[in-house]
Amino acid sequence: MPTPAAPERPVIGLAPMTATHLADVLALGRRVYDTSVKPYTSWSLSAIAGHLDSEASACWVALDGERLAGFVLGSMGFDQRADWGNLEWIASAPEYQGQGIASRLVKACCATLTEAGASAVVTDVESRNTASAALMRSNGFEASVSVTLFVRETPW
């Protein structure tokens, strides 16, 4: 007796992010980011809107039908380098991890930034986040600069 075929996985599509995705992107970020690890950043609606509203937005969503499977937020300009793109936030929903979605999002973001004139694309990865570091390396990023965050807690 033949073994029944496994059900086909739906194709996860990529689309440029729009304002209609804001609530879902914010909710997914709140699910997956531990902002206590990187106290110099915060996950917020303004973090999303800043990238989405930039002149050269490189924000993409991965969609399983209408369901958000992941996103990436990028835009032109990094510190004093207007010619560099910045891939700042990326996430895959836990139930979609391991399916190559994050890599597809990185590629879409980098292609958009390159088309906008980026001579380089930069991102930062917290030192203990080995999965993100591996993702970036597998997509052509190389570790370049190491920065140590010094924190002095107030005594009160």
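A polar contact is a pair of N or O atoms within 3.5 Å; within protein, one atom must be able to donate a hydrogen and the other to accept it, and residues adjacent in sequence count only if both atoms are side-chain atoms. The views below come from a predicted model, in which local features need pLDDT of at least 70, side-chain atom pairs count only at pLDDT 80 or more, and totals for chains, interfaces and linings use all residues. Residues are numbered from 1 along each chain as its sequence is written, and side-chain values use heavy atoms, with hydrogens and water left out.

**View 1. Ser75 and its polar contact with His51.** The side chains of Ser75 and His51 are joined at 2.8 Å. Ser75 belongs to strand β3, residues 67–78 (strands are DSSP runs of E, at least two residues, and helices runs of H or I, at least four, numbered from the N terminus). Ser75 is buried, at 8% relative accessible area (buried: under 20%; exposed: over 50%; partly exposed: in between; 1.4 Å probe, protein chains only).

**View 2. The aromatic pair of Tyr33 and Phe71.** The structure holds five aromatic pairs (rings of Phe, Tyr and Trp, the last by its six-membered ring, with centres within 6.5 Å; planes under 30 degrees apart are stacked, over 60 edge-to-face, the rest tilted). Tyr33 and Phe71 pair edge-to-face, 6.3 Å centre to centre with 85° between the planes.

**View 3. The aromatic pair of Trp43 and Phe71.** Phe71 is buried, at 0% relative accessibility. Its ring and that of Trp43 are stacked, 5.6 Å centre to centre and 20° between the planes.
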